[in-house]
Amino acid sequence: MKKNISLKSYNSFGVDVISKELYEVYSEDEVLKTLNSLKDRKVFILGGGSNILFTNNVQTPVINVKIKGIKIISENNNHVSVSIGAGEIWDDFVKWAISKNLGGVENLISIPGYVGGAPIQNIGAYGVEIKNVFLSCSGYFIDTLEKKEFKINDCQFSYRSSIFKKSLKNKFIITEVVLQLSKNNHKINKSYKSLNDVIKSKKVKDPTIKDIAEIVSNIRKDKLPDPSIIGNSGSFFKNPIVSQDTLTKLKERFKELVFYKENEVKYKLSAAWLIENCGFKNIKEKNVSVYKNQALVITNLGNATGKEIYSFSQKIKSKVLEKFDILLEEEVNII
Ligand code: EPU
């Protein structure tokens, strides 16, 4: 346990707040011992800190899950099931899968954060979400220390959300995630427009797992700032989901509006487009800026405080509401 320690290197925004008590746990046993020692106290579970904005010092004990390990636990002709410790770096796992030519997570390359955080917000990029390869995850209820395995159908996965972000928010600590990857006959997903555009322009005939990983990784490098250089948390807001009626009205007023069909009755708007069209792209305020290549990303230019970042984000939100009558919802967890 570390006392009064800065969390600057524990969050990808690079915000300097103090944690009163920080516990780094490396095994399930340590998780149980730590939870036992903190019995009846509220705790805050921290993974890779890549989807969090700290706006204050953290008084509640912070548990940083560092459980490592990647192992194949079962295998048949076409698939493998892989168990991954919640404290593995997500991208290390993706690179492990690619090096073994196992398919399913290549579109999810270069996403910052730990494996344990991935199901919480059902991470997604370039046409794939973790739910597409998810088998189960296990861990402990914080108040009772009861162990539970959640199968895919228990997780209530939806766009950037799951049961762990809703009814189980701050109530369950994930220690292990099990994913299913393809060994043979892997179906490459090239449905996402910007990915497909590159495949076509480069004339890649039958893209392999490695090709997709390389292309996605390059697209991300162009659009998203590297959090180890410029503090950020990826998309700050979710892409809003609206009805056909709302879409029709918006399209009448804004001919260039960017949107996608979400399902039979709902449409997803590009939040980046809304923000850019409120004039925020590459705009700076104090130590905060909207990224020049992706208006959905807010960056810490140096020593921004969480409050400064939050206050700028709320200005963006108000302007989008005023101009488009759309209320953006934060993707980042504000603490
Ligand atoms: N666009 C703009 N202005 C911009 C950026 C984008 O108008 O500054 C428009 C363009 O028309 C572009 C479209 O928005 O074609 C889509 O942009 P992009 O492909 O960058 O995707 P996004 O919808 O902005 C989402 C995810 C990202 C994920 C990408 C790729 C959310 C909230 N964000 O962004 O996820 O990497 O798709 O799949 O769903 C994250 O969750 O932190 C994240 C980075």
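Which helix gives the most to the shell around the ligand? Helix 6 does, with three residues. The legends below describe close-up views of a predicted model, in which local features need pLDDT of at least 70, side-chain atom pairs count only at pLDDT 80 or more, and totals for chains, interfaces and linings use all residues. Residues are numbered from 1 along each chain as its sequence is written, and side-chain values use heavy atoms, with hydrogens and water left out.

**Figure 1. The shell around the ligand.** The ligand is surrounded by 23 residues, of which Tyr126, Tyr159, Tyr192, Glu276 and Gln294 are the closest; a residue is near the ligand if one of its heavy atoms lies within 4 Å of it. By class, the shell holds 11 nonpolar, five polar and seven charged residues. In this classification Ala, Val, Leu, Ile, Met, Phe, Trp, Tyr, Cys and Pro are nonpolar, Asp, Glu, Lys and Arg are charged, and the others, Gly among them, are polar. Helix 4 (209-223), strand 13 (231-235) and helix 6 (271-276) each supply at least two residues of the shell. Helices (H or I, at least four residues) and strands (E, at least two) are DSSP runs, numbered from the N terminus.

Figure 2. An N or O atom in the side chain of tyrosine 192 is 2.7 Å from an oxygen atom of the ligand. For serine 235, a polar backbone atom is 2.8 Å from a ligand oxygen atom. An N or O atom in the side chain of serine 270 is 3.0 Å from an oxygen atom of the ligand. On its own the ligand has 830 Å² of accessible area, and the protein covers 83% of this. Accessible areas come from the Shrake-Rupley method with a 1.4 Å probe; for residues, only the protein chains shown count as cover.

Figure 3. Leaving out residues up to four places away in sequence, phenylalanine 93 touches Ile70, Val82, Ile84, Val105, Val115, Leu179 and Leu181; contact means heavy atoms within 4.5 Å.

**Figure 4. Helix 2 and its cover.** Helix 2 (90-99) is mostly covered, with seven of its 10 residues buried. Buried means under 20% relative accessible area, exposed over 50%, and partly exposed in between (1.4 Å probe, protein chains only). The buried residues are Trp90, Asp91, Phe93, Val94, Trp96, Ala97 and Ile98. Their cover includes strand 6 (70-75), strand 7 (79-85), strand 12 and helix 4. Asparagine 101, which follows helix 2, has a positive phi near 60 degrees.

**Figure 5. Serine 182 in strand 12.** Serine 182 lies in strand 12 (residues 172-182) and is buried, because its relative accessible area is 13%. Its side chain makes a polar contact with the side chain of histidine 186 (3.4 Å). A polar contact is a pair of N or O atoms within 3.5 Å; within protein, one must be able to donate a hydrogen and the other to accept it, and residues adjacent in sequence count only if both atoms are side-chain atoms. Not counting residues up to four places away in sequence, serine 182 touches Asn78, His79, Asn101, Leu102 and Gly103.

**Figure 6. Positive phi in two loop residues.** Serine 110 is not a glycine, yet has a positive phi of about 70 degrees. Serine 110 is in the loop between helix 2 and strand 8 (124-125) and, at 26% relative accessibility, counts as partly exposed. Tyrosine 126, in the loop between strand 8 and strand 9 (128-129), has a positive phi near 50 degrees. Tyrosine 126 is buried, with a relative accessible area of 9%.

**Figure 7. Isoleucine 316 in helix 7.** Isoleucine 316 is found in helix 7 (residues 306-324) and counts as buried because its relative accessibility is 1%. Leaving aside neighbours within four places in sequence, isoleucine 316 is in contact with Phe237, Ile275, Phe280, Val290 and Ile298.
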